[in-house]
Amino acid sequence: MPSAIPPSPVWHPFTQHGLNEPIPHVVRAEGALLHLADGRTLIDGISSWWVTTHGHCEPRIAAAIARQASTLDQLIFAAYTHGPAEEVAHGLIAMAPHAPGQPELAHVFYSDSGSTAVEVALKMALGYWHNLALDGVAKARNRILVLEHGYHGDTIGAMSIGERGVYNAAWTPLLFDVGTVPFPAPGREQACLDALDTACAQHPAAFIVEPLLLGAGGMLLYPAWVLREMAAICRRHGVLFIADEVMTGWGRTGTLFACEQAAIVPDIMAVAKGITGGAIPLAATLATAPIFEAHRSTDRARLFYHSSSYTANAIACAAAAANLAIWREEDVPGRIATVSQGMAQRLEQLATHPAFANPRQLGAVAAIELVAADAGYLSDLAPRLRAFFLEHGLLLRPLGNTIYLMPPYCVDARQLDAIFAALHAAGDMFGAHP
Ligand SMILES: *Cc1c(COP(=O)(O)O)cnc(C)c1O
């Protein structure tokens with residue numbers, strides 16, 4: 001009797017195990033390529049879910065991790081510190097968005113994922129108002145304003161401030177109430193800003209946005225002037241402005257951080273994903289001096305009550321330090337510009353295919369909608385496309401009928417050709433035929 005392969009005990013995220021879809025086994029990665037156990041290779045068209053920036057197994061980052069792993073691996077971070085955490089904090093403050101006349105991001109709180117960086121941002125915002133209320137200088141505020149179609153992670157607080165849908169329906173009873181500002185779709189920008197202005201007049205604690213580009217919400221873009229106005233409205237009303245740069249950070253939108261394009265400095269900024277170049281988990285929440293000062297006191301009760309075991313893990317911080325050095329010393333913006341131009345040319349060509357509509361791009365992120373032949377199978381179009389791309393040697397993960405590309409910056413012209421050839425083929429296969 002041939003011995004049966006025992007079923008894997010691994011429970012995968014965002015995976016319906018009942019569908020028995022193939023689960024590729026990856027053994028090695030380099031640059032924009034994933035090598036599978038069966039010998040095939042895939043081009044990683046979405047940077048392994050938006051984290052890999054320069055490329056997989058970037059040598060400087062890999063070396064920094066190896067060095068740190070045998071020097072200092074992990075340290076309690078409550079009232080202890082280490083070199084890599086200090087170095088990265090200084091680096092983040094220096095590289096964070098600056099704008100004349102606006103308060104600077106001056107403090108760095110570490111955590112482990114985008115979701116926790118966002119949770120920390122919310123806790124900082126409410127802690128700020130709580131402590132101002134203790135001082136009797138302001139009323140406590142606790143309402144959070146969010147942008148329609150937003151996504152900020154999958155923990156309870158992060159789900160609460162994100163778009164509601166099938167993906168969080170089971171937990172609705174646990175989610176807190178928020179105020180939602182309509183998305184500034186083309187032609188609806190002023191309506192969005194007016195709604196924000198009205199909502200801000202009711203003294204919410206903070207407004208949180210993904211600057212310029214809403215990722216999980218469908219790769220939706222809005223202009224820099226709208227982002228700039230949003231920040232100005234919040235400032236006018238004394239509402240804290242929180243930028244979730246978890247996905248937009250580290251060059252994805254063409255600049256290191258998306259906020260730069262609007263010349264704004266948020267009061268609180270969450271970063272994660274590409275902070276280590278995508279090699280190892282780390283996140284940070286940056287805050288201006290007033291947020292920090294509201295927690296600083298001789299009173300222990302006012303300290304910032306948040307920690308996780310691996311806060312500022314030294315190996316992760318060493319990887320981040322290497323990533324920051326790459327940004328300082330190498331022409332990363334040049335590489336991003338090359339990828340951006342390469343995608344723009346090919347996207348323009350793809351948009352002439354009758355199956356595609358609404359092409360859009362910002363920096364090294366491109367998206368387009370596939371107009372499906374049969375709207376009836378729109379619901380399972382994404383998994384069908386995923387399987388189709390896998391067969392074509394491509395890791396892509398469409399959002400419904402929105403196909404997007406977010407490759408590592410080392411992706412080359414030949415690989416872009418292969419990606420776009422597969423997109424054309426997908427249009428032929430699945431697209432509406434006029
Ligand atoms: C991915 C993402 C998060 C969550 O980050 P995780 O590291 O997956 O927890 C939060 N906000 C935005 C905008 C994201 O794209």
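**Figure 1. Contacts across the sequence of the protein, a predicted model.** Of the contacts (heavy atoms within 4.5 Å) between residues at least 6 apart in sequence, 71% join residues at least 24 apart. Local features of this predicted model need pLDDT of at least 70, side-chain atom pairs count only at pLDDT 80 or more, and totals for chains, interfaces and linings use all residues. Residues are numbered from 1 along each chain as its sequence is written, and side-chain values use heavy atoms, with hydrogens and water left out.

**Figure 2. Overall dimensions of the protein.** The C-alpha atoms fill a box of roughly 70 × 55 × 50 Å along the principal axes. Buried residues (under 20% relative accessible area, 1.4 Å probe, protein chains only) make up 50% of the 434 residues.

Figure 3. Strand 10 spans residues 240-244, and five of its five residues are buried. Strands here are DSSP runs of E, at least two residues long, numbered from the N terminus. Leu240, Ile242 and Asp244 point one way, whereas Phe241 and Ala243 point the other way. In a regular strand, side chains alternate between the two faces of the sheet.

**Figure 4. Neighbours of strand 10.** Strand 7 (residues 206-209) pairs with strand 10 in the parallel sense over four bridges; pairing requires that DSSP find at least two bridges between the strands. Isoleucine 208 has isoleucine 242 of strand 10 as its bridge partner. Strand 11 (residues 268-271) also pairs with strand 10 in the parallel sense, over three bridges. There, isoleucine 268 of strand 11 is the bridge partner of isoleucine 242.
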